[in-house]
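Please consult the sequence and the coordinates shown here alongside the text.

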Amino acid sequence: MDKQLQPHEFVAIKEQVIILNKAFNSVNDKNVKAVVQADVVETAKSILPDTEIATDFLNQLPEIATSRQRAERAFKQLAELVTPFPELSANQLGKLFKKVKKLPEPKWENLDRHEMTYLGWNDNGSQKKYIVAPRDGKLVGIYGDFDPKPLNGLCAICHQLGTVSMFLSKVKSRGADGNYTKRGNLICRDSSLCNAQLSSLDHLASFVETTLVK
Ligand SMILES: [Zn+2]
């Protein structure tokens, strides 16, 4: 089967179903409901590939949005179209973090790779966060100090409000030979939650550009 949906697109579809579900539950006006429904179907259509599973999903969208169970079942089917984030071996990870001597391993068994645009995991012992993100068709590794203090704020990666912490990464400062400066970004403490609300790649891309040591 063709895998034609990216994890962030899968998340975007889920968001549309939530929008429609909210409209069904909170709006009384039939016409308003119809407008929201048409809008959601249109948006979902623009994201989904032209396949049988996707067409079925679009046709059933109004019913899918009426209950959580229906939605979960439909998402399970739709997940078959998603190219999951690759499960990287310890060796592959090591190559992405050459300067890290003892790289802790992510807990793959806890991760839903179908809604994972990037891989992020914390090492609470050393207060570090490790990130593997796509850049120009390749994966790059970024790591830095991750403040243990949780804050309420806007995440630089998913651009949603939530529990974030300061991520400090070393970057080479332009023009200065071999000098490093630290760059700080507030990002979600829990990268699984971050991924589950990441429906656009824009902010992730700028985060990677500003934190990657090139
Ligand atoms: Zn986030």
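## Aromatic contacts

In this predicted model, ring pairs join Phe-97, Trp-121, Tyr-130 and Tyr-143 into a cluster. The count of aromatic pairs in the protein comes to 9. One of the pairs is formed by Phe-146 and Phe-167, whose rings are arranged edge-to-face, at 6.4 Å centre to centre and with 65° between the planes. This pair links distant parts of the chain, since Phe-146 belongs to strand β3 (residues 138-146) and Phe-167 to strand β5, 21 residues apart.

Are the two partners of this pair buried or exposed? Phe-146 has a relative accessibility of 3% and therefore counts as buried, the cut-off for that class being under 20%. Phe-167, at 0% relative accessibility, counts as buried too.

## Overall architecture

The protein contains 7 helices and 6 strands. Along the sequence these elements follow the pattern α-α-α-α-α-β-β-β-β-β-β-α-α. The C-alpha trace spans about 65 × 35 × 35 Å along its principal axes. Of the 214 residues of the protein, 37% count as buried.

An individual example from the helical part is Ala-54, which lies in helix α3. Ala-54 is buried because its relative accessible area is 1%, under the 20% that sets the limit for this class. Between the C-alpha atoms of Ala-54 and Lys-22 there is a separation of 22 Å, and the two residues are 32 positions apart along the chain.

For comparison, the ideal angle at a metal with four tetrahedral donors is 109.5 degrees.

The largest pocket holds about 560 Å³ of space. Its lining consists of 21 residues, and those nearest the centre are Lys-99, Gly-141, Tyr-143, Lys-170 and Val-213. Tyr-143 is also a member of the aromatic cluster. The elements α5 (90-96), β3, β5 and β6 each supply at least two residues of the lining, and β3 gives the most, with 7 residues. By class, the lining of the largest pocket divides into 10 nonpolar, 4 polar and 7 charged residues.

The volume of the second largest pocket is about 470 Å³. This pocket is lined by 18 residues, of which Lys-14, Ile-18, Arg-68, Glu-72 and Phe-75 are the closest to its centre. Two or more residues of the lining come from each of α1 (7-26) and α4. The largest share, 6 residues, is contributed by α1. In terms of class, 9 nonpolar, 3 polar and 6 charged residues make up the lining of the second largest pocket.

## The enclosed cavity

Rolling a probe the size of a water molecule over the atoms shows where empty space is left. How many cavities of 30 Å³ or more does the structure hold? There is 1 such cavity, and the volume of the largest cavity is about 40 Å³.

The largest cavity is lined by Ile-53, Phe-57, Gln-60, Ile-64, Ala-74, Gln-77 and Leu-78. Helices α3 (52-64) and α4 (68-78) each supply at least two residues of this lining, with α3 giving the most, 4 residues. The lining of the largest cavity has 5 nonpolar and 2 polar residues, and no charged residues.

Key
Residues numbered from 1 in each chain as written. Predicted model: local features only at pLDDT ≥ 70, side-chain atom pairs only at ≥ 80, totals over all residues. Heavy atoms only, no water. 1 Å grid on protein atoms, 1.4 Å probe; cavity = no way out; pocket = protein on both sides within 12 Å on 5 of 7 lines; lining within 4 Å. Points joined across faces, edges and corners; volume = space filled by probe spheres on them. Nonpolar A, V, L, I, M, F, W, Y, C, P; charged D, E, K, R; others polar. Phe/Tyr/Trp six-rings, centres within 6.5 Å; stacked < 30°, edge-to-face > 60°. Buried < 20%, exposed > 50% of the residue type's maximum accessible area, 1.4 Å probe, protein only.
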